[in-house]
Amino acid sequence: MALDQSFVGRTYPPTEPYEVGREKIREFAEAVGDTNPAYTDAEAAKALGHPDVIAPPTFVFAITFKAAGQVIEDPQLGLDYSRVVHGDQKFAYTRPVRAGDRLSVTSTIEGIKTLAGNDILDVRGEVHDEAGEHVVTAWTKLVSRAADEEA
């Protein structure tokens, strides 16, 4: 069953702040194999003009995808998450994520379409710091695969 187009534009409440830790940044950089010293060494980050270590660009996905859970779990939307695959991801940064940031995410459904029986859901996550300053916008595309015709 196709997702309801009337949900396009629906915005969900901001998440509770997520505090970005140096160790989380280091672990993430290590997991993705990025050896940029600005991710692990405060002095290297300061030499580049940052107040502390910064996070790799895709680090914020963990925060924005968790926030998109409000959309995914909205019973009125009726998304069958057991059929969902991650379709695409992109980011637009105002500034890097830094250790010590306390970030909140506001998710908005930007688009819903059906293509070959698959529902395509576009969610925008606006990430702001504790002062309300914009840090990054993340766009997540989720694809809810069509049910098998034989099932």
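**Notes on the aromatic pairs and cores**

1. F28 comes out partly exposed, at 22% relative accessibility. Keep in mind that this is a predicted model.

2. There are 3 aromatic pairs in the structure. In one of them, the ring centres of F28 and F59 lie 5.5 Å apart with the planes at 85°, so this pair is edge-to-face. F28 belongs to helix α1 while F59 sits in the loop between α2 and α3, so the pair ties together parts 31 residues apart in sequence.

3. Another pair, F61 with F65, is stacked: 5.2 Å centre to centre and 25° between the planes. These two are 4 residues apart in helix α3, so about one helical turn separates them. F61 is partly exposed at 26%, and F65 is partly exposed at 22%.

4. F59 turns up again in the largest nonpolar core, which has 20 residues; I25, F59, V97, L103 and V127 touch the most other members. α1 (22-32), α3, β3 (102-115) and β5 (134-144) each supply at least two of its residues. A second, separate core has 14 residues, including F7, V71, V84 and L121.

5. What about P57? That residue is in the loop between α2 (42-47) and α3 (61-72), partly exposed at 45% relative accessible area. Leaving out residues up to four places away in sequence, P57 touches Y39, F91 and Y93. Its C-alpha is 9.5 Å from that of A92, 35 residues apart along the chain.

Definitions and conventions:
Residues numbered from 1 in each chain as written. Predicted model: local features only at pLDDT ≥ 70, side-chain atom pairs only at ≥ 80, totals over all residues. Heavy atoms only, no water. Buried < 20%, exposed > 50% of the residue type's maximum accessible area, 1.4 Å probe, protein only. Contact = heavy atoms within 4.5 Å. Core = buried A, V, L, I, M, F, W, Y, C linked by side-chain atoms within 4.5 Å. Phe/Tyr/Trp six-rings, centres within 6.5 Å; stacked < 30°, edge-to-face > 60°.
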